[in-house]
Amino acid sequence: MKIVEVTKLYEKYMEYFYKKNPNVLKQTYNQHISEIFNDCNAQSNFLGKELELLGYETELFYFNAAELQYSWNKELNTKDLFYIVKEQIKNSKPDVLFISDLFCFNEEQLKILKQELPRDTVFVAWHFGVLNDFSIRNAKYFAQIYTGSKYKVERLSQYNKNTKLLYHTFSPQVLNKIEKNEKSNTIVFPGSISLDCQLTRLEMCAEVINSNIPFIFAGQIYGSLIPDSFFNYLRYIKFKFNHKIENEKKYKLYEKVLRNNMIPSKFGLDYYQFINDNLVCINKHADSSSESGSGNMRMTEVTGVGSCLLTDYREENKDLFEPDYEIVEYSSSEELVEKAKWLIEHPNKAKEIAMAGQQKTLEKYTYKNKAKIFLSYLNEIM
């Protein structure tokens, strides 16, 4: 059986990767994609490697990685990224087409793939993001959809009854590629804040900064309540039209605090190294998520490298990790500050929790385990 995965690379990651590795652009397609794989970004070929060890043939294509895609077959002489990836897929002759980002293709493009690939090609997909009109329309084109929380299984099942639970996982090979540095007694948050749906992330980070706890926010803020450009002003007007913000003045102050206390985002191996080098990493699910659902990628990334995860309380957390033993939870900004201070003041306890969390991740939440579960689901429809 041949399984072909198609996904997208995060735009900010591509900017980061090519700035750090400019010579990659001169390499062949195979050299180029190998360099991306070796950087261990979140969309690397971790799953494919494990499937190959189990005897399956795999390939992975990055739909939106323009410079990489243009180098695949220069005889095509086109800049149409959909045409290129369509030809890659057809040339690869998959038995299973695994689209690991439900936002990869629009409905028209999915229809074209369905028409041009053999009728017995099985279409499956992964989705963990927001459920909007785009993702809902796409859901019906797949024989199975996978998602990383029980809450999202419940939601997605309304649009595709064959929705399966497949948690986010961690690749232990990352541990062989990062340095085992002594952890700094610091709280970090590596990620992004979109003011459209993550105002509580903004509040969370600002409250920690205002409490004078050693803290680093490595990320970016999308949108602005204090717009500094015409584009951000238009986004701000749209945001205000769609959302009622109580105490907008407070959130503007939070944004100022955070913008004055942030460093650029980390990606790939640099991201894992950053988490590894610091004692405690904060996690906060998006405001749009249910209070019950959890399981975002950061939970297994942080525990995987062996740092202490301080995450927002969700009912589903206990299905993944044991609170106060493998992870630490908070239910408000006040409790976050309180527990962050306690962990900084008790580093040995924080390390003990981190090691227990890492043990759980390396036992349960690896791509090796994910590959086996993925195949068991496929066997139901093949």
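At 1% relative accessibility, Asn 138 counts as buried. This residue belongs to helix H7, which spans residues 133–139, in a model that is predicted. Leaving aside residues up to four places away in sequence, Asn 138 touches Leu 102, Phe 105, Asn 106, Glu 107 and Leu 110.

In general, strands of a sheet pair through backbone hydrogen bonds, in either a parallel or an antiparallel arrangement.

Strand E1, residues 2–7, is joined to E2 by six bridges, and the two run parallel; Lys 2 has Glu 57 of E2 as its bridge partner. E1 is also joined to E3, through four bridges and again in parallel. Here Ile 3 stands opposite Val 96 of E3. E3 in turn pairs with E4 in the parallel sense, over four bridges, and Phe 98 is placed opposite Val 124 in E4.

His 168 is found in the loop between strand E6 (163–165) and E7. With a relative accessibility of 8%, His 168 counts as buried, because the limit for that class is under 20%. Apart from residues up to four places away in sequence, the residues that His 168 touches are Trp 126, Phe 128, Gly 295, Asn 296, Met 297, Thr 300, Tyr 365 and Lys 370. Located in helix H8, residues 150–156, Glu 154 is exposed, with a relative accessible area of 59%. Glu 154 and Pro 347 are 193 residues apart in sequence, and their C-alpha atoms lie 39 Å apart in space.

A further open sheet of six strands has the order E9-E8-E7-E10-E11-E12, with parallel pairing. Its edge strands are E9 (262–263) and E12 (328–330), each of which pairs on one side only. E9 pairs with strand E8 (residues 215–222) in the parallel sense over two bridges, and Met 262 in E9 is the bridge partner of Phe 217. Helix H9, residues 199–210, packs on this sheet and touches strand E7 (184–194), E8, strand E10 (278–283) and E12; the direction of H9 makes about 155 degrees with that of E7.

Two helix pairs complete the account. Helix H5 (residues 81–92) packs with helix H6 (residues 107–116) at an angle of about 30 degrees, their axes being 11 Å apart. Angles under 35 degrees count as roughly parallel, and H5 and H6 are therefore roughly parallel to each other. Their crossing is right-handed. Phe 82, Lys 86, Ile 89 and Lys 90 of H5 make the contact with Gln 109, Ile 112, Leu 113 and Glu 116 of H6. By class, the residues of this contact comprise four nonpolar, one polar and three charged.

In the other pair, helix H12 (residues 268–276) and helix H13 (residues 297–305) pack at an angle of about 65 degrees, with axes 9 Å apart. The crossing of H12 and H13 is right-handed. Tyr 271, Tyr 272, Ile 275 and Asn 276 on the H12 side meet Arg 298, Glu 301, Val 302 and Val 305 on the H13 side. The residues of this contact divide into five nonpolar, one polar and two charged.

Definitions and conventions
Residues numbered from 1 in each chain as written. Predicted model: local features only at pLDDT ≥ 70, side-chain atom pairs only at ≥ 80, totals over all residues. Heavy atoms only, no water. Pairing = 2+ DSSP bridges. Contact = heavy atoms within 4.5 Å. Axes fitted to C-alpha atoms, helices over the stretch in contact; angles between N-to-C directions. Parallel < 35°, antiparallel > 145°, perpendicular 65-115°, else oblique. Left-handed = near helix turned anticlockwise from the far one by under 90°. Nonpolar A, V, L, I, M, F, W, Y, C, P; charged D, E, K, R; others polar. Buried < 20%, exposed > 50% of the residue type's maximum accessible area, 1.4 Å probe, protein only.
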